[in-house]
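Visitor: I have a model open and would like to learn how to read it. Could you walk me through a few features?

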Amino acid sequence: MATAIQENGINSLSNGNLSHKVDEQNSSSPSEQSESIVKSEETTADNSETPEIDIVINNVVCSFSVRCHLNLRQIALHGSNVEYRRENGMITMKLRKPYTTASMWSSGKITCTGATSEPQAKVAARRYARCLQKLGFKTKFNNFRVVNVLGTCSMPFAIKITAFSERFKEHAEYEPELHPGVTYKLYNPKATLKIFSTGSITVTAPSVADVQAAIEHIFPLVYEFRKERTKEDILALQLKQRGVKRKRSFTHIDIEEQDYEEHFGDTSDEENYGSDESWD
C-alpha cells in the first residue's frame, strides 16, 4: 500500500475507470488549450517531485478467546503442528495458510502472530478455533481484536539522525551505544517509530491505519534532515530487504583462517571433546 496518493487531474468514473476531460478542451480556443497544457505539465512536474512511499506490513498480532477450558495435554497428543511447552503452561500451534503461529493457554485465551494484514489475522484466528472444535472442545469465537501491527518503510533518502534527535528532544531518544536508530514516540496516533540513518523506518502501532498515519506524520519531519545515501547505506538496505542481518564490519582488522588457528589453536579436535576418550 502507498501512503502518498497524488492528484493527477484524472477524474474517476462511477465504474472505477479513469477519464480525461476531452470535450472541454476540444470546445475551447487554441490559446486556452495551450494554457491548460502548460498547467497540466506543471502539476505533473510537481507530482513527480513528491515520491510515493510503500508501507510493508510484516506482522499483525491479534488475540481472541474461545470461552472454554482447554486441555493442553489432549491438544498436544491429538493435534497437528503442535508444540507443548509445559514449563510455560502453553501450547504453540502453527498453520501453513495463512502462515501464522498461535499461543494457547488453558484458560481459553489465544494470541496469533505472523499475519500480514488484519483480515488475514482474523481468518487465521477462526481457523485455530475450528481446529480446537474438531478436537472436541466447545469453542466460541469471541473478543477478537488486533493488538499490535509492525510495519516498515524506506524513505528515498538517508537521514541525519543525530541532528534529528537533537531537534525533537521531547519525543525522540537516541543512544547509539544501545540501539543504532532513533526511537520516536507519537501519542496521536499512538505509535512508536525506529528511525535509522539509512532512511529505513520501523513502526509499531495498534492498527494498520495508525501505522500509515504515523508515517505520514513523520515524513515532513525527517525530510528536513535528508542526505544522500552512501554505499554502506545502500548495502544495508539491500541486506535488510533480503532478510540478512547486518554484521559489524571491522575495516582495520582482517582476520583470516590461519590467524584464527594461531590465536585459538587448531579446532579439528573439537568433535572429540564430548567422547569418553578425551577425558582419559
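Guide: We will go from the whole chain to its sheet and then to one residue. Keep in mind that this is a predicted model.

Visitor: Gladly! How many helices and strands does the protein chain have?

Guide: The protein chain holds eight helices and 14 strands. Of its 280 residues, 29% are buried. The exposed surface comes to about 19700 Å², with 47% of that supplied by carbon and sulfur atoms.

Visitor: What share of the contacts links residues 24 or more positions apart?

Guide: Among contacts with a separation of 6 or more, such pairs account for 61%.

Visitor: Now the sheet. In what order do the strands of the open sheet run?

Guide: Read across the 10 strands, the order is β4-β5-β6-β7-β3-β8-β13-β12-β11-β10, and the pairing is antiparallel. β4 (82-85) and β10 (172-173) each have a single partner strand, so they stand at the edges, with one side of each lacking a neighbour in the sheet.

Visitor: Which strand pairs with β10, and over how many bridges?

Guide: The partner is β11 (residues 182-187), joined to β10 in the antiparallel sense over two bridges. As an example, Ala-172 has Tyr-184 in β11 as its bridge partner.

Visitor: Let's zoom in on a residue. Is Thr-92 buried or exposed?

Guide: Thr-92 sits in strand β5 (residues 90-95). The cut-off for buried is under 20% relative accessible area; Thr-92 counts as buried because its relative accessibility is 8%.

Visitor: Which residues does Thr-92 touch?

Guide: Leaving aside residues up to four places away in sequence, Thr-92 touches Asn-81, Val-82, Glu-83, Arg-85, Thr-101, Ala-102 and Ser-103.

Methods
Residues are numbered from 1 along each chain as its sequence is written. This is a predicted model: local features need pLDDT of at least 70, side-chain atom pairs count only at pLDDT 80 or more; totals for chains, interfaces and linings use all residues. Side-chain values use heavy atoms; hydrogens and water are left out. Helices (H or I, at least four residues) and strands (E, at least two) are DSSP runs, numbered from the N terminus. Buried means under 20% relative accessible area, exposed over 50%, partly exposed in between (1.4 Å probe, protein chains only). Contact means heavy atoms within 4.5 Å. Two strands pair if DSSP finds at least two bridges between them. Accessible areas come from the Shrake-Rupley method with a 1.4 Å probe; for residues, only the protein chains shown count as cover.
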